[in-house]
Amino acid sequence: MSGVMKRMGMIFRAKANKALDRAEDPRETLDYSYQKQLELLQKVRRGVADVATSRKRLELQLGQLQSQSSKLEDQGRKALALGREDLAREALSRRAALQQQVTDLETQHQTLQGEEEKLTLAAQRLQAKVDAFRTKKETIKATYTAAQAQTRIGEAFSGISEEMGDVGMAIQRAEDKTAQLQARAGAIDELLASGALDDSSGLAKDDIQSELDRLSGGTDVELELQRMKSELAGGSASSQQALEGGQEQGQPSQQPQDTPRFDKQ
């Protein structure tokens, strides 16, 4: 049971990985990575600003403590000048306590200043890295877009793309159906000509009758042609005889006759 569950888990992860890989767009991934780098750079800059603010606050506190220390020193001198050694001792004691605070604050100031310098350098390096990544990102995106367009154009020309494949399949189906219909029509014509198929209209003839009709039709044409030739030949002979007979009967009529004369009265 455990082995089956592990196998199912592996199959599920493999299919999920394949689906994610198919759905992943490198350009979107690059933009997301660039956005994360910008967020990291913004955090580093905020850190630098926070450290600089703390350093500045320490510098203000140091200034105040040094001012108080100088004031206590002046007060001790004045008290000692006035013969108040006790007041001078108290002033110097307070000044010593303030001086200890000043020393601690100076140590913290140096630490913060070192951290600020490190963060500033890190921010500068990260800024350069982000700028370089942005340039590379845009180059990769442009190259990917060009390669994608070139691939689609090549697929369109070769007819292996999904859209062109559908068009090619439609054309192939149309050609197959056309060839099938042509073959069926030719087969039906051959069967009708051979008499293998009966004509329900009753007008179809068998092959013997068709051949007899063809031969009789040719004979009728020949007979009609001979008749027309005979008529033409007979008509020509009759015309020739009529012409010759007319010439023989017309010769006496050619004798001159006396023309009657009319006398004038």
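**Entry 1: salt bridges.** I began with the rule: a salt bridge is a side-chain nitrogen of Lys or Arg within 4 Å of a carboxyl oxygen of Asp or Glu. With that rule I found a network of salt bridges linking Asp31, Lys137, Glu138 and Lys141. The structure holds 14 salt bridges. A reminder to myself: side chains of opposite charge can pair when their charged atoms come close.

**Entry 2: ground rules.** I am working with a predicted model, in which local features need pLDDT of at least 70 and side-chain atom pairs count only at pLDDT 80 or more, while totals for chains, interfaces and linings use all residues. Residues are numbered from 1 along each chain as its sequence is written, and side-chain values use heavy atoms, with hydrogens and water left out.

**Entry 3: the whole chain.** I looked up the secondary structure and found five helices and zero strands in the protein chain. Helices here are DSSP runs of H or I with at least four residues, strands are runs of E with at least two, and both are numbered from the N terminus. Read from the N terminus, the order of elements is α-α-α-α-α.

Next I checked burial, where buried means under 20% relative accessible area, exposed over 50% and partly exposed in between (1.4 Å probe, protein chains only). Of the 265 residues in the protein chain, 11% are buried. The chain exposes about 22,000 Å², and carbon and sulfur atoms supply 55% of it. Those areas come from the Shrake-Rupley method with a 1.4 Å probe, and for residues only the protein chains shown count as cover.

I then turned to contacts, meaning heavy atoms within 4.5 Å. Among contacts with a separation of 6 or more, 79% are between residues 24 or more positions apart.

**Entry 4: helix 2.** The 56 residues of helix 2 should span 82 Å, and its end C-alpha atoms are 82 Å apart, which agrees. After helix 2 comes Gly83, whose phi is positive, near 85°.

**Entry 5: Gly76.** I found Gly76 in helix 2. Gly76 has a relative accessible area of 6%, so it is buried. Leaving out residues up to four places away in sequence, Gly76 touches Ala88 and Ala91. Its C-alpha is 7.7 Å from that of Glu90, 14 residues away in sequence.

I followed Glu90 and found its side chain in a salt bridge with Arg94 (3.2 Å, N to O). Both lie in helix 3, four residues apart, about one turn of the helix. Glu90 is partly exposed at 41% relative accessible area, and Arg94 is partly exposed at 49%.

**Entry 6: Arg55 and its partners.** Arg55 forms a salt bridge with Glu116, with the closest N and O atoms 2.4 Å apart. This pair links distant parts of the chain, Arg55 in helix 2 and Glu116 in helix 3, 61 residues apart. I noted that Arg55 and Glu116 are both buried.

Arg55 also has a salt bridge with Glu59, at 2.8 Å between the closest N and O atoms. Glu59 is partly exposed, with a relative accessible area of 28%.

What does His109 touch, not counting residues up to four places away in sequence? I listed Arg55, Leu58, Glu59 and Leu62. His109 itself sits in helix 3 (residues 85-158) and is buried, at 13% relative accessible area.

**Entry 7: Leu41.** Leu41 belongs to helix 2 (residues 26-81) and is buried, with a relative accessible area of 3%. Beyond its neighbours within four places in sequence, Leu41 is in contact with Ala123, Leu126, Gln127 and Val130. Leu41 and Arg125 are 84 residues apart in sequence, yet 9.7 Å apart in space, C-alpha to C-alpha.

**Entry 8: rings.** I counted rings of Phe, Tyr and Trp (its six-membered ring) as a pair if their centres lie within 6.5 Å, with planes under 30 degrees apart called stacked, over 60 edge-to-face and the rest tilted. The count comes to one aromatic pair. Tyr34 and Phe133 form a stacked pair, 6.4 Å centre to centre with 15° between the planes. Tyr34 lies in helix 2 and Phe133 in helix 3, so the pair ties together parts 99 residues apart in sequence.

Tyr34 is buried, with a relative accessible area of 14%. Lys137 lies over the face of Tyr34, 5.0 Å from the ring centre. For that I used the rule that NZ of Lys or CZ of Arg is within 6 Å of the ring centre and within 35 degrees of the ring normal. Lys137 also brings me back to my opening entry, as part of the network with Asp31, Glu138 and Lys141.

Notes: Expected span 1.5 Å × (residues − 1).
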